[in-house]
Amino acid sequence: MSTALKTQRILARSAQAAVAAAAVADVFRAVAVRDHYLHQTGDSQHRSGFMSTVFVNLMTLAIVLFLVWLARSRHKAQELTPRASVPSRGWTIGAWFIPVVNLVAPRRLVLDIGRASSLSWEEGRDTALVNLWWGAWVGHALVLVVAGRAAPGSMAFLVVAEALMIAAAVLMGLVIERITVLQSVAFGAAVPVAPQPQA
């Protein structure tokens, strides 16, 4: 395996680990914040503040690693399929930070990168995987908004929101794995085999 592919695999693993850690931290953060909302004490304030800080730091790391992985994957997809409809470098990153647009565009660009990565991309299974991941992620965000306005401190909303967060993290890890594997196989197949010396 080439150094570039090894680097991409390490980056993929790092992004997966950071996403998983951030999702777990979010569960503890949500529980601590709810506890402080219902029973405000000095200890509960300290706990909620500490867990919120841990979550923000881990989430920031996860976002950075994922976007670096995504940008590199976009570049590799373009190398593999030059004529494919691959998003630009700026749009690959920028689409995540534009309000409203970031509820729709990131799903499309991940699908475009996946499709351009290999002819082995399966429209049924692989597209469904991306759709499930994106649905869980957007669902998590919507539940948080509704809970904040309609029922702050609701255990039911907390359970649903965190279940969606964990699901989104697991599915994101699978999306990262799928695209990374497809590109590794595609680049491996594109490398010519050196001729064997004649006996």
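Eight salt bridges turn up when the whole structure is searched, a salt bridge being a side-chain nitrogen of Lys or Arg within 4 Å of a carboxyl oxygen of Asp or Glu. Side chains of opposite charge can pair when their charged atoms come close. The model is predicted, so local features need pLDDT of at least 70 and side-chain atom pairs count only at pLDDT 80 or more, while totals for chains, interfaces and linings use all residues. Residues are numbered from 1 along each chain as its sequence is written, and side-chain values use heavy atoms, with hydrogens and water left out.

Let us start with Asp 26 and Arg 29, whose side chains form a salt bridge at 2.8 Å, N to O. These two residues are three apart in helix H1 (residues 3–38), which means that about one helical turn separates them. Helices here are DSSP runs of H or I with at least four residues, numbered from the N terminus. Both Asp 26 and Arg 29 are buried (under 20% relative accessible area; exposed is over 50% and partly exposed in between, with a 1.4 Å probe and protein chains only).

Next come Glu 123 and Arg 115, which also meet in a salt bridge of 2.8 Å, N to O. Glu 123 is partly exposed, at 45% relative accessible area, and Arg 115 is partly exposed too, at 30%.

Now look at Asp 126 and Arg 178, where the closest N and O atoms of the salt bridge are 2.9 Å apart. Asp 126 belongs to helix H5 (residues 125–150) and Arg 178 to helix H6 (residues 155–190), so this pair ties together parts 52 residues apart in sequence. Asp 126 is buried, with 2% relative accessibility. Through shared partners, salt bridges join Glu 122, Arg 125, Asp 126 and Arg 178 into one network.
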